[in-house]
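Hi,

Here is the structure I promised to pass on.

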Amino acid sequence: MKKEVKDTIISELGKKLGEYPHFYLIDVTGMSADATSQLRRKCFKSEIKMIVVKNKLLHKAFEASDIDYEPLYGSLKGNTAVLFTDTANKPAKLLKDYKKEGIPALKAAYAEEGFYVGADKLDELAALKSKSEVIAEIVSLLQSPAKNVVSALQSGANTIHGVLKTLGDRPE
């Protein structure tokens, strides 16, 4: 491969690293062409960008980045594919389907500004909540007390209204 082509690939990988806040490094060693194609389709449906890369070129893209990706350097062995995503837990949920087969296996991930190295981190990554999920949870928690107060006031108003009506209808 010519140096110009390598430089282009490194710069493209650098753009992807800046464009997507989360990415996973997976081991695709031993996957057939058909299995890889099926994985690509599933990634596309889940809005995940899958790119198979050379480890050395990815290492150089990591070095050129503003973020220090040094904890991921040890994971750059074998055949590597990178799954870029906007939602931190989507690739983990996708990879859990493949966990029984062992291929593809998680090597490492950069999600929610943290490093996760090793296949044993898959369950932890799948349990991560996205920013929108956390915001929705907080909003529902904040709305809950207000709903309870409004409900109590409405039921109390009906009770008070009933008592007043009964008292008003009573002959003196």
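Glutamate 12 pairs with lysine 15 in a salt bridge, their closest N and O atoms lying 3.6 Å apart. By salt bridge I mean a side-chain nitrogen of Lys or Arg within 4 Å of a carboxyl oxygen of Asp or Glu. The two are 3 residues apart in helix α1, so about one helical turn separates them. Glutamate 12 is partly exposed, at 40% relative accessibility, while lysine 15 is exposed, with a relative accessible area of 52%. (Buried is under 20% relative accessible area, exposed is over 50% and partly exposed is in between, using a 1.4 Å probe and protein chains only.)

Before I go on, the housekeeping. This is a predicted model, in which local features need pLDDT of at least 70 and side-chain atom pairs count only at pLDDT 80 or more, whereas totals for chains, interfaces and linings use all residues. Residues are numbered from 1 along each chain as its sequence is written, and side-chain values use heavy atoms, with hydrogens and water left out.

Back to the charges: how many salt bridges does a search of the whole structure find? It comes up with 3. Another one joins lysine 3 to aspartate 7, with 3.4 Å between the closest N and O atoms. These two are 4 residues apart in helix α1, so again about one helical turn lies between them. Lysine 3 is exposed, at 59% relative accessible area, and aspartate 7 is partly exposed, at 39%.

Then there is glutamate 47 with lysine 90, whose closest N and O atoms are 3.7 Å apart. This pair ties together distant parts of the chain, 43 residues apart: glutamate 47 sits in the loop between α2 (33–45) and β2 (49–53), and lysine 90 belongs to helix α4 (residues 90–98). Glutamate 47 is exposed at 61% relative accessibility, and lysine 90 is partly exposed at 30%.

Helix α1 (residues 3–19) also packs against helix α3 (residues 55–64), at an angle of about 55 degrees and with the axes 9 Å apart. The axes are lines fitted to C-alpha atoms, for helices over the stretch in contact, and angles run from 0 to 180 degrees between N-to-C directions. That makes α1 and α3 oblique to each other (under 35 degrees is roughly parallel, over 145 roughly antiparallel, 65 to 115 roughly perpendicular, and the rest oblique). On the α1 side, Lys6, Ile9, Ile10, Leu13, Gly14 and Leu17 meet Leu57, Leu58, Lys60, Ala61 and Phe62 of α3, where contact means heavy atoms within 4.5 Å.

Leaving aside neighbours within four places in sequence, tyrosine 110 touches Pro21, His22, Phe23, Ile67, Tyr69, Leu72 and Phe115. Leucine 72 is 38 residues away along the chain, with 8.5 Å between its C-alpha atom and that of tyrosine 110.

As for the whole chain, there are 6 helices and 5 strands, in the order α-β-α-β-α-β-α-β-β-α-α. Helices (H or I, at least four residues) and strands (E, at least two) are DSSP runs, numbered from the N terminus. Of the 172 residues, 32% count as buried. Among contacts between residues at least 6 apart in sequence, 77% join residues at least 24 apart.

Cheers
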